[in-house]
Every structure is written in structure tokens, then in C-alpha cells.
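Visitor: I would like to learn how to read helix packing and pockets. Could you walk me through an example?

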Amino acid sequence: MNEVQQVSEQAAHAAAEVWVVFSRLRRRLQALEGEGGSSPAQASVLARLSKQGPASASELAAAERVRPQSMAKIVAALEQAGLVERHPDPEDGRRLLVTLTEAGRTRRQGDRQAREAWLARTLHERGDEEQLRAVITAMALLDEVAHS
């Protein structure tokens, strides 16, 4: 039987705030991605392939937490756009690995640069040095949470 852990009121409040702010920020960043022509799901797959290298569609589906059928549609759209290619896995010829094309790398880099530039500019305009240090500290904690 799982024991329910008690959390402080402050931790519960922080969790609620993180959820709301990250949801808003994700929507805003997705709107910037949409300007580049990629859907949020497609941009996420391009980012994953850029960071982690070639992967099978089933590995991508598991990593992105979507059904294999949904990932098959995402990969097919990316392939049709010339952003990814599928090649036989050198270790298991029955499997196909999805890899970024040069166009996919360029799109990924452009999407990321545009989002990071917008975020940096907006943080610079709205935050002072102390607030920016607090954001960096908070991101370190949230990264620990994400990896727990």
C-alpha cells in the first residue's frame, strides 16, 4: 500500500504556480514554433533527435509518451517535409531508425534560436539581475525534480 506523503503548504503552492506558469510559457513558445511551420509534436521530435540522435519510431513514441500510431503520423509528416529520413538500423536490419536530415537540423536550430532569443529578450526586459539569478536557481531545482 502506498503511503501518502505530506507536503508543506508552500511546496503545494509552488507546485501549482509552476504548473500554471509552465503551461502558459509552453503555449507561448509553441506559438513561436508554429510560425516556423512545425507543430509542437513535430518540433519536440526534431529536438529529441537533435539531442539524442537516431531512434526508432517506437522509441520516440515511448519517449514522447504518445501512442505508436500517433508517432507514425508525426514521423511521416516530418519525412514528407524532408526533415527526417528512415534508415535500417545497422545492428538490427528489421528496425528502421529515424534520423534528422540537414533540413531538419537547420529547422531545429532555427526554431530553437528563435525561441531562445525571444525568451532572453523578454527576460532581459522584465527582470533585474537578482530575479534572473533566482530563475537560474529555480531551474536547477526543477531540473532535479524532472530527473527524480
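Visitor: How are helix 3 and helix 4 oriented to each other, parallel or perpendicular?

Guide: Two packed helices are described by the angle between their axes and the distance between the axes. Here the axes of helix 3 and helix 4 (residues 68–80) come within 9 Å and cross at roughly 110°, so the two helices are roughly perpendicular. Axes are lines fitted to C-alpha atoms, for helices over the stretch in contact, and angles run from 0 to 180 degrees between N-to-C directions. Angles of 65 to 115 degrees count as roughly perpendicular, under 35 as roughly parallel, over 145 as roughly antiparallel, and the rest as oblique. Helices are DSSP runs (H or I, at least four residues) numbered from the N terminus.

This is a predicted model: local features need pLDDT of at least 70, side-chain atom pairs count only at pLDDT 80 or more, and totals for chains, interfaces and linings use all residues. Residues are numbered from 1 along each chain as its sequence is written, and side-chain values use heavy atoms, with hydrogens and water left out.

Visitor: Which residues make the contact of helix 3 with helix 4?

Guide: Contact means heavy atoms within 4.5 Å. Ala57, Leu60, Ala61 and Glu64 of helix 3 meet Pro68, Met71 and Val75 of helix 4. By class, that is six nonpolar, no polar and one charged residues. Ala, Val, Leu, Ile, Met, Phe, Trp, Tyr, Cys and Pro count as nonpolar, Asp, Glu, Lys and Arg as charged, and the others, Gly among them, as polar.

Visitor: At what angle do helix 2 and helix 3 cross?

Guide: The axes of helix 2 (residues 40–52) and helix 3 (residues 57–64) cross at roughly 110° and come within 11 Å. Ser44, Val45, Arg48 and Leu49 of helix 2 touch Leu60, Ala63 and Glu64 of helix 3. This contact has four nonpolar, one polar and two charged residues.

Visitor: And which residues join helix 2 to helix 5?

Guide: The axes of helix 2 and helix 5 come within 10 Å and cross at roughly 105°. Leu46, Ala47, Ser50 and Lys51 of helix 2 are in contact with Arg107, Arg108 and Arg112 of helix 5. By class, there are two nonpolar, one polar and four charged residues.

Visitor: Now for pockets. Which helix gives the most to the lining of the largest pocket?

Guide: On a 1 Å grid over the protein atoms alone, a pocket is an open set of points where a 1.4 Å probe fits, with protein on both sides within 12 Å along at least five of seven lines; lining residues have an atom within 4 Å of a point. Helix 1 gives the most, with 15 residues. The lining has 45 residues, of which Phe22, Leu25, Arg26, Leu29 and Met139 lie nearest the pocket's centre.
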